Amino acid sequence: MNPFILFVLLSGLGLGTTITFASSHWLAAWMGLEISTLAILPLMAQHHHPRAVEATTKYFIAQATAAAVLLFASTTNAWLTGQWDIQQNLHPLPCMMIMIALALKVGLAPLHTWLPEVLQGLDLTTGVILSTWQKLAPFALLLQLQQTNPHLLMAMGLVSTLVGGWGGLNQTQLRKIMAYSSIAHLGWMILIMQFSPSLTLLALALYFIMTFSTFTLFKLQNSTNINSLATSWTKAPTLTALAPLLMLSLGGLPPLSGFMPKWLILLELTKQDLVPAATFAALSALLSLYFYLRLSYAMTLTLSPSNLTASTPWRLFNTQLTLPLAISTMLTLLLLPLTPGTTALMAL
């Protein structure tokens, strides 16, 4: 892609997200979401592959549906209440429609069915943008609405944790596995949003770091399915040794960074007398942990039948930038000791 066109599209992504962040008017927020959607569509279809075009079409239909519902609900709210401000009290019916539209935009269950199919048709670079940056603007609006319909948020959060773990069990494609991982992590964030927005932001930030590390790892290894992970030891042995720790951090095992948000979320849910919800979320996390362990097993304890049994006879010179992967990997693995400082900052 032409560098100038790429710069314009990435600027459009940043502009749309910034407009949504700064807006106090529903029309301005809707405009920012639409700018972000229109900016990422050419990035998704840039390879002109039939799968990429299909994924772009599905993404456009899902996002256009969510945007139409959001615009209709905000107009209905303005008709019923006489104001367009986001911070003002909303009418219950349009508020529920707005939350459903935002859930469709980020891929929360049960409105998640487009996300695995779309992510499977994209290249890994566009996939990491879709899994991270594109969730910021809808999350900013959900954070402002989190006290208006807590029961709907709790239900979507619990369903997302279950669907995210259950749906990834029989997948062999890495991008689909990461899509269901995204759904499960979003469920954890939605669960705690009404009780501790700062904890939601912490979980979102750590999810971004872990997802960026994982996608960058797959891109460096040029892997798109589980079988291709078995050949990774000949390409980058040190990275292959660290990869299971990345997966286990995504699963939330101590003493890795991914344990921090899940531990704090379970603690907060218990303080709010929601022990059944905390138990359900913890059990659902075991489902996700299974396919992370499956990836770890395929990468470190499995040998491809086409590999030589000796050390690597040759290696191509790697031209990919590895510094972002090194930094994000260290953050993914070693942030747990900062938990007391993080909780102190959230308490301020």
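Reply: Happy to. On a 1 Å grid over the protein atoms alone, a cavity is a set of points where a 1.4 Å probe fits but cannot get out, and lining residues have an atom within 4 Å of a point. Please keep in mind that this is a predicted model: local features need pLDDT of at least 70, side-chain atom pairs count only at pLDDT 80 or more, and totals for chains, interfaces and linings use all residues. Residues are numbered from 1 along each chain as its sequence is written, and side-chain values use heavy atoms, with hydrogens and water left out.

Me: What makes His185 and Trp188 lining residues of the second largest cavity?

Reply: Each has an atom within 4 Å of a cavity point, as the definition asks, so both belong to the lining, along with Met189, Ala203, Leu206, Tyr207, Met210, Gly258, Pro261, Lys262 and Ile265. The volume of this cavity, meaning the space filled by probe spheres set on the points, is about 70 Å³.

Me: Which helix gives the most to that lining?

Reply: H10 does, with four residues. Helix H9 (174–193) and helix H13 (259–271) each supply at least two. Helices here are DSSP runs (H or I, at least four residues), numbered from the N terminus.

Me: How is the lining of the second largest cavity divided by class?

Reply: It has eight nonpolar residues, two polar and one charged. Ala, Val, Leu, Ile, Met, Phe, Trp, Tyr, Cys and Pro count as nonpolar, Asp, Glu, Lys and Arg as charged, and the others, Gly among them, as polar. Lys262 is in the lining, and Lys is on the charged list, so Lys262 counts as charged.

Me: And what about the largest cavity?

Reply: About 120 Å³ of space lies in it. It is lined by 15 residues, and Tyr59, Gln63, Gln134, Lys135 and Pro138 lie nearest its centre. The largest share of that lining, three residues, comes from H2.

Me: Why is the pair Glu54 and Lys58 called a salt bridge?

Reply: The term needs a side-chain nitrogen of Lys or Arg within 4 Å of a carboxyl oxygen of Asp or Glu. Here the N to O distance is 3.0 Å, so the pair qualifies. Glu54 and Lys58 are separated by about one helical turn because they are four residues apart in helix H3. The structure holds three salt bridges.

Notes:
1 Å grid on protein atoms, 1.4 Å probe; cavity = no way out; pocket = protein on both sides within 12 Å on 5 of 7 lines; lining within 4 Å.
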